[in-house]
Amino acid sequence: MVQAGTGSGQEASEPLIGRLVIVGIGLIGGSLALGLKAASGCREVIGVARRAQTCNQAVALGVVDRAVTDIGEIVGELEVGDVVFVAVPTLAVESIFSQLKDRLPAGVTLTDGASVKGSVIAAARNVWGQVPEFLVPGHPIAGSEQSGVTAARDDLYIAHRIILTPDENTGLAHTRRIQGMWEAVGAEVLSMPVAEHDEVLAATSHLPHVIAYGLVDTLAHDAENENIFRYAAGGFRDFTRIASSDPVMWRDIMLANRDAILKSIDLYTSNLDSLRNAIASGDSEHLMGVFTRAKAARDHFTTMLAKKAYTETMQAKEVTFVAQPGGSVNGDLRVPGDKSMSHRSIMLGSLAEGVTEVEGFLEGEDALATLQSFRDMGVVIEGPVNGRVTIHGVGLHGLQAPPGPLYVGNSGTSMRLLAGLLAGQQFDTVLTGDESLSKRPMNRVANPLREMGAVVETGEEGRPPLKIKGGNSLKAIDYALPMASAQVKSCVLLAGLYADGETSTTEPAPTRDHTERMLSGFGYEVLRDGPRASLKGGGKLTACQIDVPADISSATFFMVAASIAPGSDVLLQHVGINPTRDGAINILRAMGADITLENRREVGGEPVADIRVRYAPLKGINIPEDQVPLAIDEFPAIFVAASCAEGKTVLTGAEELRVKESDRIQAMADGLQILGVDAEPTADGIVIQGKGGNSDGAVFGGGVVDSLGDHRIAMSFAVAALRASADIQILHCANVATSFPNFAELATGAGMKLVVR
Ligand SMILES: O=C(O)C1=C[C@@H](OP(=O)(O)O)[C@@H](O)[C@H](O)C1
Ligand SMILES: C=C(OP(=O)(O)O)C(=O)O
């Protein structure tokens, strides 16, 4: 479908069209008349209706300026620039066309509003031998179950779509005139080929009407119909509203669009048959499959229509944090589930055989984007409900081609890990992301995948979108990672599941190993030998239970908060302390932080502890480079700690920070400088002169800083306010919902003074 894009505009003083003749003064025609009058878009509106009573009513209601029962009475008066809009039931269009034949003066544009376009084109050919250049077939998608002139409203078309289906004979000037007319009443105008229009409408509008009429009729014939209608509540009412529509109009549509409607009915009937069989045989899995897919699709559709993101917070176009100075953090807190593990639980659960149950799943935008991608590929996933997700695995070869590009929002992990496993599928896919993700480097995954025989296309300069061709057999490789990246390692290993032979990765420094651990948890053998991990393709994953611990990256904001704010004492519950993720604990401890790990235990193959953090004065350090990959996401918060420390903190070997959701070195340096901290960015790190000599005093001034839409930058500056002298206003914070949707709530509950605007 394309925007008609003819760009006509209306002069303020001169009406857009001359006279508007409405043939059939009901909801559709009457509303155009009222809307165009309200917009001063025409000189005069003339109504044509079969019954004199309708004519009188339309004039009395002010819908038309005058009205006639025979179009022949006024057709001679029409002149260049006038428009005749035929808004009668579909099968009556031809008779109106016949009445206009050889009588319509040159330069008058003829258009219609019928719901089926093939029959209008056929009617035109019957009457004129071909589609005349002055005919612009159109269809306003704005009908409702109401009908008649009394239902007409001047705002009916605002933000509604009008589909024009101009023929190759249709003159451009006429199309422009009709586009301008609809835009003047607030509609969005699109154009489409006739056959496509009729197929799309058969599925989205005509089939639902068949079903609604059919259902009400079935129930109305039931001997106990009185009771049925008496007790029929919301569901029945919502579902059958359209069965109150105009029967003549809908009979005509059914007859006029017969073939496309029959195709839709057949598809639906076979689906209904399988549902019937599933109910008859007690096939709960089939029922869950259909219902969850349908619910997800409907929710997705509602979200799309409202132009909303997956979670509520993201709906707000702009979120600003105003972090007020002072305070401390106290209490027992449980931060949301680990993002890296949440992504992997969905991916591996989907590829496993059997039903995987996940607890502690992060209900943040990034992990939800992964979940949505697998639903788009046909996997039945229930939830999340309070962090619980049930995944009905389809096996390594059970994914289906998604209906369109997979959109993964802000999430680098989703895009890079998915790229690996999509390279092994039989179908093509396209991966797209938001503005930030669209700037991030993808050759780091495209290159090794190409070495394995995958066909992967990137956007300009190796950035998204990623186009992955299916149907290629992959060969195993031994891949030495050029950078310490768990995403690249995981991508190659996931592609290795589909490769012929043993795929291995060797990393330059240890990175998070959740993929390796979780694959083992799903019964897939991964051999690990120092920096090398390897697996053989062609095995199988077996469903399991996954308990996702709290995310240490999210916990770090509270570790830093408690460490810098005198009087603080927090217990962070059930946090994952995997040794490939514990750099923040090591670094903060080296700076003097008071951090103790209590109740250490192992949950589902991952070490977990409750982390207690009490305020302690910090000192600057040279951060050991071997800690960098182990704390890669925690540096924005660590920079805040460094600002509050006594003496200089130096970070090197962290150039990867420049290619995260923002350039985190530059973004933090800029913000810290605005707040009065001496923070000097370097190519691969930063040098921060701590201001913590006076342990109780303010370290940061107030000011406005830009998080650049990067969740971790936003939360880090919110934490800084604990040691600020005035408000810190943080711009573009909506993306906090990607990893930590309830951050503001937890932070204020613990004692921070954070206002979300
Ligand atoms: O594998 C993962 O789950 C992640 C790996 C890291 O990225 P890199 O692999 O780019 O270092 C990290 O920054 C990201 O938040 C999550
Ligand atoms: C870098 C991050 O995530 P991703 O790469 O998945 O966008 C992050 O969460 O800090």
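Author: This is a predicted model, in which local features need pLDDT of at least 70 and side-chain atom pairs count only at pLDDT 80 or more, while totals for chains, interfaces and linings use all residues. Residues are numbered from 1 along each chain as its sequence is written, and chains are lettered from A and ligands numbered from 1 in the order in which they are written.

Reader: What makes Val-84 count as buried or exposed?

Author: A residue is buried if 20 or more other C-beta atoms lie within 10 Å of its own, exposed if 12 or fewer, and partly exposed in between, with C-beta atoms placed from the backbone. Val-84 has 25 other C-beta atoms within 10 Å, and is therefore called buried. In the protein as a whole, buried residues make up 49% of the 757 residues.

Reader: Which residues does Val-84 touch, leaving aside those up to four places away in sequence?

Author: Contact requires that the C-beta atoms of two residues, placed from the backbone, lie within 7 Å. On that basis Val-84 touches Val-21, Val-23, Val-108 and Leu-110. The C-alpha atoms of Val-84 and Leu-20 are separated by 6.0 Å, although these residues are 64 apart along the chain.

Reader: Where is Val-84 placed in the secondary structure?

Author: Val-84 belongs to strand β5, residues 83-86. Helices (H or I, at least four residues) and strands (E, at least two) are DSSP runs, numbered from the N terminus. The protein comes to 25 helices and 35 strands.

Reader: Which residues of helix α23 are buried?

Author: In α23 (residues 664-674) the buried residues are Arg-664, Ile-665, Ala-667, Met-668, Ala-669, Gly-671 and Leu-672. Their cover includes the helices α22 (635-643) and α24 (711-720), together with the strands β31 (678-682), β32 (685-691) and β33 (703-706). Just after α23, Gly-676 takes a positive phi of about 90°.

Reader: What surrounds ligand 1?

Author: A residue is near a molecule if its C-beta atom, placed from the backbone, lies within 6 Å of it. The residues around ligand 1 include Ser-340, Thr-413, Arg-512, Asp-633 and Glu-656. Helix α18 (residues 486-496) gives the largest share of this shell, three residues.
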